[in-house]
Amino acid sequence: MDVEVLKNEQNVLKFRWHNTNSSLANALRRVIISEVSTLAIEDVIFFENGSPMSDEQIAHILAMIPLTSPRGKYFPPDKCEEAEKERKKCRVVLTLEARAEKEPLWITSSMLISEDEEVKPVNPNIRITKLPPGRSIKLEAHAVLGKGKTHAKFQPGIAYYKFQPVIKIDYKQCTACSICVTSCPRGILKMENNKIVVVNPDECSLCALCSDKCPTRPKAIEASYLKDTVIFTIESNGNMSPIEIVDEAISVFKEKFNNVKLKVLGAEKVAK
Ligand code: SF4
Ligand code: SF4
């Protein structure tokens with residue numbers, strides 16, 4: 001199983017995964033979106049809300065603000081007792097207090113003050129509400145660890161894959177009419193020295209417009225894909241880096257299979 005990293009930017013990781021199949025790729029995708037834990041705001045205590053929005057509306061917006069989530073620092077809410085034993089915590093408190101004086105005031109995510117500097121809004125410019133002049137807001141928001149399978153607010157980002165596109169050109173049939181070049185919506189094909197060339201096959205969407213429009217019979221161009229190679233992409237919301245997301249997903253995978261192994265070995269002992 002070879003892996004070739006195609007892109008590794010702050011919030012995007014793209015890699016080519018050789019000798020795999022759709023079951024494995026889809027399993028990794030599903031673990032990423034549903035089993036990797038991140039922090040998100042779960043409870044909000046309002047002391048004052050002078051905004052035109054209801055408490056529930058503001059709480060909903062707060063819940064959807066992605067928070068940086070240091071790995072291994074917090075325990076999930078159902079393991080608070082365990083967290084205490086290990087002198088760790090299972091929630092982070094963020095406070096917000098502001099007042100609009102003579103002018104209306106936008107309340108943004110940058111105004112959320114966290115008790116842990118490692119846990120803060122990924123984007124400081126998310127607008128929460130607008131206070132009219134003379135009004136105030138004061139609240140306390142509690143963030144906890146959770147998984148995407150319980151609420152989308154906990155998803156660390158999105159993950160998707162496609163099979164490796166392959167574009168074959170039969171140069172004996174090709175008349176270099178360039179219809180396929182102008183038909184391709186992704187600019188994958190180019191005319192060079194009166195010859196069609198494939199510029200960036202990874203970006204091909206397999207729409208088949210090039211072969212549909214090719215006038216030769218049989219078709220001089222065909223777009224297909226490799227069933228054992230996928231291009232896998234992770235776009236992080238910023239809670240953690242895409243590499244940390246993959247690492248965490250694989251740890252979850254291992255833990256799940258380890259549990260199966262222990263149960264199976266236990267059953268084998270009982271049978272003996
Ligand atoms: S299949 Fe679609 S995207 Fe791919 S090369 Fe042909 S026209 Fe372009
Ligand atoms: S449309 Fe067909 S014949 Fe025309 S350049 Fe493309 S591959 Fe060649």
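**Figure 1. Open sheet β1-β2-β12-β9.** In this predicted model, four strands form an open sheet in the order β1-β2-β12-β9, with antiparallel pairing; two strands count as paired if DSSP finds at least two bridges between them. β1 (3-8) and β9 are the edge strands, each with a single partner, so one side of each has no neighbour in the sheet. Neighbouring strands are turned by 30 degrees against each other on average, direction ignored. Axes are lines fitted to C-alpha atoms, for helices over the stretch in contact, and angles run from 0 to 180 degrees between N-to-C directions. Helices (H or I, at least four residues) and strands (E, at least two) are DSSP runs, numbered from the N terminus. Local features need pLDDT of at least 70 and side-chain atom pairs count only at pLDDT 80 or more, whereas totals for chains, interfaces and linings use all residues. Residues are numbered from 1 along each chain as its sequence is written, and chains are lettered from A and ligands numbered from 1 in the order in which they are written.

**Figure 2. Partners of strand β12.** Strand β2 (residues 12-17) is joined to strand β12 (residues 221-236) by six bridges, and the two run antiparallel. Val-12 has Glu-235 as its bridge partner in β12, and Lys-14 stands opposite Thr-233 of β12. Strand β9 (residues 157-169) also pairs with β12 in the antiparallel sense, over 13 bridges. Here Ile-167 stands opposite Ala-223 of β12. Helix α1 (residues 22-35) lies across β2, β9 and β12 and runs at about 155 degrees to β9. Contact between two residues requires C-beta atoms, placed from the backbone, within 7 Å.

Figure 3. Four strands make up an open sheet in the order β3-β8-β4-β6, and their pairing is antiparallel. The edge strands β3 (38-49) and β6 (113-114) each pair on one side only. Helix α2 packs on the sheet, touching β3 and β8, and its direction makes about 150 degrees with that of β3. Strand β4 (residues 92-99) and strand β8 (residues 136-146) pair over eight bridges in the antiparallel sense, with Leu-96 opposite Leu-139 of β8.

**Figure 4. The largest nonpolar core.** A nonpolar core is a set of buried Ala, Val, Leu, Ile, Met, Phe, Trp, Tyr and Cys residues joined through C-beta atoms within 7 Å. The largest one has 26 residues, and those with the most contacts inside it are Leu-39, Ile-41, Leu-62, Ala-141 and Ala-143. Two or more residues each come from β3, α2, β4, β5 (105-108), β7 (127-131) and β8. Strand β8 gives the most, with six residues. A second, separate core of 17 residues includes Ala-25, Leu-28, Tyr-161 and Ile-234. In soluble globular proteins, nonpolar side chains tend to be buried together.

Figure 5. Leu-62 is in helix α2 (residues 55-63). Leu-62 is buried because 25 other C-beta atoms lie within 10 Å; the term requires 20 or more such atoms, while 12 or fewer make a residue exposed and counts in between make it partly exposed, with C-beta atoms placed from the backbone. Not counting residues up to four places away in sequence, Leu-62 touches Ile-41, Val-44, Ile-128 and Ala-141. The C-alpha atoms of Leu-62 and Pro-121 are separated by 9.7 Å, and the two residues are 59 apart along the chain. With the exclusion of residues up to four places away in sequence, the contacts of Leu-39 include Leu-67, Tyr-74, Val-119 and Ala-143.

Figure 6. A residue is near a molecule if its C-beta atom, placed from the backbone, lies within 6 Å of it. Ligand 1 is surrounded by 14 residues, the closest being Cys-184, Cys-204, Cys-207, Cys-210 and Ala-223. The shell of ligand 1 divides into eleven nonpolar, two polar and one charged. Ala, Val, Leu, Ile, Met, Phe, Trp, Tyr, Cys and Pro count as nonpolar, Asp, Glu, Lys and Arg as charged, and the others, Gly among them, as polar. Around ligand 2 there are 13 residues, of which Cys-174, Cys-177, Cys-180, Cys-214 and Ile-221 are the closest. The shell of ligand 2 has ten nonpolar, three polar and no charged residues.

Figure 7. Most residues other than glycine have a negative phi, and most peptide bonds are trans. Arg-217 and Pro-218 are joined by a cis peptide bond, with omega about -5 degrees; Pro-218 is in the loop between α5 (209-213) and β12. Ala-176, in the loop between β9 and α4 (179-183), has a positive phi of about 55 degrees. Ala-176 counts as partly exposed because it has 13 C-beta neighbours inside 10 Å. Leu-206 lies in the loop between β11 (195-198) and α5, and its phi is positive, near 60 degrees.
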